[in-house]
Amino acid sequence: MKVTEVKAEVLRLPFSIKIGSMPRINASGTLVTVKTDEGIEGYGLSHFSLSDETQVKFIEGALSKMVVGKDPFMIEEIWREMYNNSWRILFGVGQSISAVEVALWDIIGKSLKKPVYKLLGGYRDRIKAYASFAFALAPKAAVGMAKAAVQKGFKAVKLRIGEGLAKDEEIIKAVREEYPDLGIMVDVNSAYESAKEASELANICETYDVIWLEEPLPSDNLRGLSELRARSNVEIAGGENDFGLRRFREILEAEAYDIIQPDATRSGGILQVKKICALAEAFGVRAIPHIFGFGLIMAANIHVIASSYNSDWMEFPFYPDEFYLLKTPIKLEDGYAVVPQEPGLGVELDWEAIEKYKAK
Ligand SMILES: [Mg+2]
């Protein structure tokens, strides 16, 4: 049997309720119908009363992609896929709150005519940057990309791996042999499940003098991460898929990482990530925000880094300038990112490019 459709509809009852900290809302629910090729239909109902319409979009637009075509008996498989791609990384929620919060800081900075990092308490105006590659590359291509980064002035690069240990080693080895003095970080993006594999990878990283090993295991396996960290001679980094101050307290108490990587555009916004950095400082852990993609994401995080004592690197997405969508991309001088000094986030959007890339 195969699932053929996942449908969601909002039901609204004729009275309103007020519970705890929620605003007053209509009593409502989201009815889910799962259809199959054998004509059997299943029904489920839940509610996210703040906006059932959003839940409908999430179920039909996101979850259904991982359910349609599957055998409905394979619940463990279906659940795992839905979980890994949404719940584990709180996909959507942390990001949405963060984007709104960051925009508020931009207003505050513009209103006070100060760059945000100075309002947070500035610590540095230049940050050691590493070029972060967008995807895993074959060894030769990785060397080529490293060359391009070195030519731009970067003193360190982050390679994406997680392609199997043998291939991972080839990629790291190729770049290390070509560039004996280059800083190398590696990012697994939670590709491995096994602690033993991750531990072998840590040994490989040690051989090639890797600065840190990022997300070697899924972010919800704190026990595995802390055991790995205790055994590894290479620093273990992670946290780009974790959200909020209290979650980072659990992470820090579990001693899961040497370096945490909250992202101001995912983990709750600039103030939340600033608090997370401060909490890490108290634990003697470095906090080096995750940054990927657009210039506005770089800008939001650069102000956290520039105001945090324990943030000594900046992840610099290694992209063609046009994809930053900024009029003037964040400047790089001799391997250091220059913190914008204009009010607010300190960057000007490239509206022409934004118009071009707006989804129609
Ligand atoms: Mg990463």
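The model is predicted. Lys 113 has a positive phi of about 55° although it is not a glycine. Lys 113 is also exposed, because 9 other C-beta atoms lie within 10 Å of its own and the limit for exposed is 12 or fewer.

**Overall build**

The protein chain holds 12 helices and 13 strands. Its domain assignment gives domain 1 (3–71) and domain 2 (106–357). The C-alpha centres of domain 1 and domain 2 are 36 Å apart.

Along the principal axes, the C-alpha atoms of the protein chain fill a box of roughly 65 × 55 × 45 Å. The radius of gyration is 22 Å. A compact globule with 360 residues would have a value near 21 Å, so the two agree. Of the 360 residues in the protein chain, 36% are buried. Take the contacts with a separation of 6 or more: residues 24 or more positions apart account for 69% of them.

**Strands 2 and 3**

Strand 2 (residues 25–36) and strand 3 (residues 41–46) form part of the picture for domain 1 and its bounds of 3–71. The two strands run antiparallel and are joined by 6 bridges. They form a hairpin with 4 residues between them. Gly 39 sits in the turn, with a positive phi of about 85°. Lys 35 stands opposite Glu 41 in strand 3.

How many of the 6 residues of strand 3 are buried? The count is 0, and strand 3 is hardly covered.

Met 22 is in the loop between strand 1 (3–17) and strand 2. Met 22 is exposed, with 10 other C-beta atoms within 10 Å. Not counting residues up to four places away in sequence, Met 22 touches Ser 49 and Leu 50. Pro 343 is 321 residues from Met 22 in sequence, and their C-alpha atoms are 35 Å apart in space.

**The nonpolar core**

In soluble globular proteins, nonpolar side chains tend to be buried together. Here the largest nonpolar core has 77 residues. Val 157, Leu 159, Val 186, Leu 213 and Ile 302 touch the most other members. Helix 11 (residues 295–306) gives the most to this core, with 8 residues.

Leu 213 has contacts beyond its neighbours within four places in sequence. Among them are Val 186, Leu 201, Ala 202 and Cys 205. Ser 232, Val 234, Ile 236 and Ala 237 are also in contact with Leu 213.

**Helix 11**

The buried residues include Gly 295, Ile 297, Met 298, Asn 301, Ile 302 and His 303. Ile 302 is also one of the core residues that touch the most other members.

What covers the buried residues of helix 11? The cover includes helix 3, helix 4, strand 4 (126–132), helix 10 (270–283), strand 11 and strand 13 (336–338). The length of helix 11 fits too. At 1.5 Å a residue, its 12 residues should span 16 Å; the end C-alpha atoms are 16 Å apart, so the two values agree.

**Loop residues**

Leu 325 lies in the loop between strand 11 (314–317) and strand 12 (332–333). Phi of Leu 325 is near 60°, a positive value in a residue other than glycine. Leu 325 counts as buried because it has 21 C-beta neighbours inside 10 Å, and 20 or more are needed.

Ala 254 is in the loop between helix 9 (245–253) and strand 9 (259–260). Leaving aside its neighbours within four places in sequence, Ala 254 is in contact with Leu 222 and Ser 226. Met 66 is 188 residues from Ala 254 in sequence and 32 Å from it in space, C-alpha to C-alpha.

| Residue | C-beta atoms within 10 Å | Class |
|---|---|---|
| Met 22 | 10 C-beta atoms | exposed |
| Lys 113 | 9 C-beta atoms | exposed |

How values were computed
Residues numbered from 1 in each chain as written. Predicted model: local features only at pLDDT ≥ 70, side-chain atom pairs only at ≥ 80, totals over all residues. Domains from an automatic or database assignment. Core = buried A, V, L, I, M, F, W, Y, C linked by C-beta atoms within 7 Å. Contact = placed C-beta atoms within 7 Å. Pairing = 2+ DSSP bridges. Rg over C-alpha atoms; globule rule 2.2 N^0.38 Å. Expected span 1.5 Å × (residues − 1).
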